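This briefing concerns the structure shown below.

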Amino acid sequence: MSLITIEHQPSEERLQALGVASWPIWEKEISTFPIDFDETETAYILEGEIIVTPVGGEPVRIVPGDLVVFAAGLDSHWEVVKPLRKHYSYD
């Protein structure tokens, strides 16, 4: 199983079913930093661009309109290329 799963441009119905609009929003300036996920996070990208590189893996580009699942156990390095704004939820 991939530790990063991306659903590009999910339907409005799918976003409503998940309750994305009620999730908190997280913002981050252009920067680079490590993130290790202790629990699974689902995120919906509103603005910006990030490149997430799993430790020992290939970089993954994430852009607005992407619904992303970061699996528990993912150790990664983030590069925020354009200022990031996302909804997020933990399982």
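The points below are grouped by topic.

This is a predicted model, in which local features need pLDDT of at least 70 and side-chain atom pairs count only at pLDDT 80 or more, while totals for chains, interfaces and linings use all residues. Residues are numbered from 1 along each chain as its sequence is written, and side-chain values use heavy atoms, with hydrogens and water left out.

**Nonpolar cores**

- A nonpolar core is taken here as a set of buried Ala, Val, Leu, Ile, Met, Phe, Trp, Tyr and Cys residues joined through side-chain atoms within 4.5 Å. Buried denotes under 20% relative accessible area, exposed over 50%, and partly exposed the range in between (1.4 Å probe, protein chains only).
- The largest nonpolar core has 15 residues, of which Ile50, Val52, Ile62, Phe70 and Trp78 touch the most other members.
- Two or more residues of this core come from each of β3 (31–36), β4 (41–54), β6 (66–70) and β7 (75–90). The largest share, 4 residues, belongs to β4. Strands are DSSP runs (E, at least two residues), numbered from the N terminus, as are helices (H or I, at least four residues).
- Which residues are in contact with isoleucine 50, leaving aside its neighbours within four places in sequence? They are Val60, Arg61, Ile62, Trp78, Glu79, Val80, Val81 and Leu84, where contact means heavy atoms within 4.5 Å.
- A second, separate core of 5 residues includes Leu15, Trp23, Tyr44 and Leu67.
- In soluble globular proteins, nonpolar side chains tend to be buried together.

**Salt bridges**

- The whole structure holds 7 salt bridges, each defined by a side-chain nitrogen of Lys or Arg within 4 Å of a carboxyl oxygen of Asp or Glu.
- One of them joins the side chains of glutamate 27 and arginine 85 at 3.0 Å, N to O. Because glutamate 27 lies in strand β2 (residues 25–28) and arginine 85 in strand β7, this pair ties together parts that are 58 residues apart in sequence. Glutamate 27 is exposed at 52% relative accessibility, whereas arginine 85 is partly exposed at 26%.
- Glu27 and Arg85 also belong, with Glu47, to a network of salt bridges.
- Glutamate 41 and lysine 86 meet through their side chains in a salt bridge of 2.4 Å, N to O. Glutamate 41 is in strand β4 and lysine 86 in strand β7, so distant parts of the chain, 45 residues apart, are linked. Are the two partners buried or exposed? Glutamate 41 is buried, with a relative accessible area of 3%, and lysine 86 is likewise buried at 3%.
- Arginine 61 forms a salt bridge with glutamate 49, with the closest N and O atoms 3.0 Å apart. Here arginine 61 is in strand β5 (residues 60–62) and glutamate 49 in strand β4, 12 residues apart. Arginine 61 is exposed, with a relative accessible area of 52%, while glutamate 49 is buried at 10%.

**Strand β3**

- The covered face of β3 presents Ser31, Phe33 and Ile35, and the uncovered face presents Thr32, Pro34 and Asp36. In a regular strand the side chains alternate between the two faces of the sheet.
- β3 pairs with β7 in the antiparallel sense over 6 bridges; strands count as paired if DSSP finds at least two bridges between them.
- Glutamate 79 in β7 is the bridge partner of threonine 32.

**Aromatic contacts**

- Rings of Phe, Tyr and Trp (its six-membered ring) pair if their centres lie within 6.5 Å; planes under 30 degrees apart count as stacked, over 60 as edge-to-face and the rest as tilted. This rule gives 6 aromatic pairs.
- Tryptophan 26 and tryptophan 78 form an edge-to-face pair, 6.2 Å centre to centre with 85° between the planes. Since tryptophan 26 lies in strand β2 and tryptophan 78 in strand β7, the pair ties together parts 52 residues apart in sequence. Tryptophan 26 is partly exposed at 28%, and tryptophan 78 is buried at 0%.
- The rings of tyrosine 88 and tyrosine 90 have centres 5.9 Å apart and planes at 70°, so this pair is edge-to-face.
- Trp26, Phe33, Phe37, Phe70 and Trp78 are linked by ring pairs into a cluster.
- Lysine 28 lies over the face of phenylalanine 33, 5.1 Å from the ring centre; the criterion is NZ of Lys or CZ of Arg within 6 Å of the ring centre and within 35 degrees of the ring normal.
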